[in-house]
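Good morning. Please have the structure open while I talk.

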Amino acid sequence: ICGACAAARSPLAAAAAPPPALPGGSPLPRRLYGGAAMLRPLRRLSRPPRRAAATGPGRRLLLSTPIFYANGPPHIGHLYSALLADALHRHRRLRGAGPGRLSTGTDEHGLKIQQAAAAAGTSPPELCERVSSLFHQALTHAAVSFTDFTRTSEPRHQRAVRYFWGALRDGGALYKGSYEGWYCTPEECFLPESQLTEHRDAQGRPCKVSLETGHQVHWTKEENYMFRLSAFQDPLRKWLRDNPQAISPHPFYQRVLHWLEEDLPDLSVSRERSRLQWGIPVPSDSTQTIYVWVDALVNYLSVVGYPETHGEWWPAVHHVVGKDILKFHAVYWPALLMAAGLAPPERILVHSHWTVHGQKMSKSLGNVIDPFACIGQYTVDGFRYFLLRQGVPERDCDYYDEKVVKVVNSELADALGGLLNRSTALSINPSNTYPCFSESCFPKVLDYRETKGMGRASAEDYEFVASVASLPLQVANYFEGFQIYKALECIVLCVRQTNSFFQRHRPWKLNRKDPAEQLWLDTIIHVTLECLRVYGTLLQPVIPHTADRLLSRLAVEPEERGLSSLTFLARYNGKSCPFEGRQLGPDTGILFHRLEKSRQPQIETKKL
Ligand code: ME8
């Protein structure tokens with residue numbers, strides 16, 4: 001069946017009169033985003049959408065996590081995706097950047113969910129209800145500060161998907177064709193022969209499996225709607241060449257460019273309704289269901305009010321995604337958007353996977369790590385810290401219990417907690433105030449190597465305060481570059497340097513009765529508390545509860561916790577310091593309790 005025949009059945013498509021399609025071929029779509037054939041407005045909107053401010057401090061940004069399949073309970077891989085997005089969202093707020101949203105949710109349609117419900121002896125809506133609420137709970141429990149939680153079964157989302165489909169069809173990007181190939185249900189996509197290998201199924205019969213995931217594929221032959229993906233090869237290449245920051249980290253950008261050098265066949269974007277009932281029907285063709293990936297990707301638009309108000313946010317959007325869904329986000333999604341008359345997302349931030357003791361996490365291996373149990377065992381902040389500190393987006397990271405205990409104890413409990421404890425101990429700071437800084441003890445110098453005889457601070461001290469002074473900018477750059485683990489590494493390095501500074505000067509040995517010694521003692525504590533204020537402020541996006549306790553102990557008011565108030569060691573630069581002389585907040589005990597090592601927290605099957 002050619003595109004012209006399909007159009008004859010649909011008045012909307014007939015109006016657009018798409019060019020006859022060559023199945024598998026690549027006739028040029030009538031409208032290409034940013035191409036020579038410029039966009040025609042789709043339908044008149046009731047009011048023109050406001051555009052997202054492109055630059056400047058008032059710039060809006062929608063950050064998104066993937067929406068999670070509602071076929072099984074959350075695991076730490078899901079949580080990691082969400083925490084990365086959450087930390088970026090919180091860091092924007094810390095910077096006082098413009099309005100921001102953090103969207104997440106559940107992906108509830110498709111064969112995978114239909115089959116999981118059947119296997120669980122329940123209906124798809126019931127299964128989705130249960131699993132979606134588990135994800136909602138897990139994210140809330142982990143202090144993910146999402147502003148929107150989309151479920152693809154919601155009417156507002158379904159309406160957006162139908163509208164988006166209409167935009168594709170009106171633009172001539174769809175045609176009906178016969179399609180056959182190997183379908184992988186767990187991945188919800190067709191796979192080419194090059195991505196398959198021979199295997200044996202549970203009964204020992206030969207079968208084919210996905211090379212990447214090991215999931216079995218099945219030969220599927222259907223009449224489907226096809227999307228003219230092949231026609232977007234050049235526009236996609238141009239988009240990436242013009243936007244080298246569009247996909248980070250860089251190896252993933254290169255991977256996508258490489259895919260775009262290979263054949264880019266058209267994409268099947270619907271399934272026969274007789275095979276897949278659990279999904280959104282194709283508008284004006286009830287024999288077909290919209291492909292679950294098209295349905296799911298549109299969540300990023302439906303959350304910002306597509307097709308009415310999305311212009312207030314789109315395309316100021318950053319998607320955080322796992323490497324396994326990179327092609328869907330960096331090839332299919334931008335092409336679909338261009339075909340629907342919209343710009344690609346501004347950035348796609350890609351992370352790798354967590355393995356467990358060197359193995360892929362899988363239900364059959366019984367090594368799936370349960371985020372609820374981890375949070376119970378390591379605390380919200382402890383576990384957030386571990387995943388963000390040890391997770392390196394460029395490469396897979398291995399999870400094991402001992403590592404969590406070791407990292408969290410040494411960096412949060414001992415280094416950070418110990419520093420606060422030592423510098424606020426009543427024995428060392430009996431007045432329980434933020435003491436004064438003395439310029440005579442720590443005079444401003446142009447070259448810290450020439451400090452002999454000038455005060456009490458050593459060249460090492462000058463070097464150390466310089467590294468703390470540069471920390472907020474360094475951290476901001478690492479967040480911007482999607483290297484949160486490096487930001488944390490720098491903070492820890494400074495915390496350790498502060499401990500050394502404190503240790504080096506042995507303030508407990510200073511004689512408080514001697515006015516000169518008292519000045520130096522106060523200065524040491526002042527510098528230490530200033531450092532702790534910087535760390536508490538910068539750690540808010542990662543360990544919000546602990547950072548709050550730390551800042552409250554230092555008597556930093558809520559309105560003083562943003563980056564704009566973070567003038568470090570103002571007195572050293574001859575400015576006044578609003579904290580000097582302030583009474584410290586109440587001592588609420590140990591900042592972070594050391595963790596005990598215990599058994600690995602895994603998912604219990606009864607959870608579903
Ligand atoms: O892919 N380590 O949903 P999903 C780290 N519904 N991250 C992991 C991981 C691991 N071991 N396993 C999975 C889907 N993830 C679609 C998304 S978006 C329009 C639709 C990550 O529940 C994975 O990479 O299978 C992905 O980013 C996220 O969890 C959701 O996976």
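S210 is buried, at 3% relative accessible area. Buried means under 20%, exposed means over 50%, and partly exposed is in between, using a 1.4 Å probe and protein chains only. This is a predicted model, where local features need pLDDT of at least 70 and side-chain atom pairs count only at pLDDT 80 or more, while totals for chains, interfaces and linings use all residues. Residues are numbered from 1 along each chain as its sequence is written, and side-chain values use heavy atoms, with hydrogens and water left out.

S210 sits in strand β8, residues 206-210. Strands are DSSP runs of E with at least two residues, helices are runs of H or I with at least four, and both are numbered from the N terminus. Leaving aside residues up to four places away in sequence, S210 touches E187, L191, Q195, L196, H215 and V217. Contact here means heavy atoms within 4.5 Å.

Now the cysteines. How many disulfides are there by this rule? The rule asks for a pair of cysteine sulfur atoms within 2.5 Å, and the count is zero. Take C184: its closest cysteine sulfur is in C189, 5.9 Å away, so the two are too far apart for a bond. C184 is buried, with a relative accessible area of 0%, and C374 is buried with a value of 0%.

Next, the ligand. It is surrounded by 24 residues, and the closest are I67, D107, G322, D324 and W354. A residue counts as near if one of its heavy atoms lies within 4 Å. By type, the shell has 12 nonpolar, 10 polar and two charged residues. Nonpolar covers Ala, Val, Leu, Ile, Met, Phe, Trp, Tyr, Cys and Pro; charged covers Asp, Glu, Lys and Arg; the others, Gly among them, are polar.

A backbone N or O atom of I67 is 2.8 Å from a nitrogen atom of the ligand. For G77, a backbone N or O atom is 3.3 Å from a ligand nitrogen. An N or O atom in the side chain of H78 lies 3.3 Å from a ligand oxygen. Elements that give two or more residues to the shell are β2 (68-69), α3 (76-95), α9 (292-297), α10 (299-302) and β15 (317-322).

Last, the whole chain. It has 19 helices and 19 strands, and 58% of its 608 residues are buried.

Conventions
A polar contact is a pair of N or O atoms within 3.5 Å; within protein, one must be able to donate a hydrogen and the other to accept it, and residues adjacent in sequence count only if both atoms are side-chain atoms.
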